[in-house]
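Work through the exercises below with the sequence and the model open. Each task is followed by its solution.

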Amino acid sequence: MATEEPSDPSAAETSEDVDPHPRLTRVRAWLTHRPTGWSALVPVIALGAGLLFATSSTTARGTDLRSEAVDMPDVIRERTLENERAGQEVESLRGDVDRLTREAAPGSRRLRDLDRRSRANAAAAGLTPVKGPSVTVSLDDAHLSSDEIPEGFGVNDVVVHQQDVQGVVNALWRGGAEAMQIMDQRVISTSAVRCVGNTLILQGRVYSPPFTITAVGDPDELQEALDEDPAVDIYRQYVDAVGLGYEVTEDEETQLPAFAGRTRLEHARAVDDGR
């Protein structure tokens, strides 16, 4: 019979310390210390945020990007004021040039001749003030809410458009107008009349209705030209239909300022005479 060897006490003690489920223990440890998806994305997010801040700073150059878009009306008003100041400065400089020219050579026959010709051309070009009897036409939007617009008409039918202003201006020129002013600006035959929405843009300035056009000349001939003009007649039909504003007044004496815009024509197109 075989004899049972006594077990080793130290071996027995060691077997009691061995983890009976070593694989389960390693899985628990891995689950506890494994990197999560968020921890992996944190450096990427931080890097992207830094690039975004740097790009915004460079683009804005120290300004608020959003405020520039929101404050567009303020920008337009600021540019309008700047154009007015620039126009006043141009007029002042013209006066200085004339004065200095006269002082430089007061006895020159050639200079006197050039000055005489220049003054004659200045009047024709609208560069001198003009005084005389006048006719003023006022155009205004119809003050109707959307539910008050008559059936068959739309929102665009109750506002003054660019062609309406141009129609009045062209009629007054054909009626023999010696000089003309739109709103507070003297205009000449090459002045551009443009509208954006229901606002008028004239020589860098922005105006809202009512729009006023004043022409110096024979009041009877000016009024007759308005009555016979097809474009003005169409506008008056809309006056009756939807309530657009149209008012014509006369004045015995009106003084219009000199034209302060650019007189050099940079873009032109030949008129097709049909030949």
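**Exercise 1.** Determine which elements the buried residues of helix 7 pack against.

Step 1. Helix 7 covers 162-174; helices (H or I, at least four residues) and strands (E, at least two) are DSSP runs, numbered from the N terminus. The model is predicted: local features need pLDDT of at least 70, side-chain atom pairs count only at pLDDT 80 or more, and totals for chains, interfaces and linings use all residues. Residues are numbered from 1 along each chain as its sequence is written, and side-chain values use heavy atoms, with hydrogens and water left out.

Step 2. List the buried residues (under 20% relative accessible area, 1.4 Å probe, protein chains only). In helix 7 they are Asp164, Val165, Gly167, Val168, Val169, Ala171 and Leu172.

Step 3. Find their contacts (heavy atoms within 4.5 Å). These residues pack against strand 1, strand 2, strand 7, helix 8 and helix 9.

**Exercise 2.** Identify the residues that touch the most other members of the largest nonpolar core.

Step 1. Such a core is a set of buried Ala, Val, Leu, Ile, Met, Phe, Trp, Tyr and Cys residues joined through side-chain atoms within 4.5 Å. The largest one has 33 residues, and Ile182 and Ile213 touch the most other members.

Step 2. Helix 7 gives the largest share, 5 residues.

Step 3. Beyond four places in sequence, the contacts of Ile213 include Val165, Val168, Val169 and Leu172, as well as Ile182.

**Exercise 3.** Describe the setting of strand 1.

Step 1. Because 9 of its 11 residues are buried, strand 1 is largely enclosed by the rest of the structure.

Step 2. Strand 1 is joined to strand 7 by 6 bridges, running antiparallel, and Thr136 has Thr214 as its bridge partner there.

Notes
Buried means under 20% relative accessible area, exposed over 50%, partly exposed in between (1.4 Å probe, protein chains only). Two strands pair if DSSP finds at least two bridges between them.
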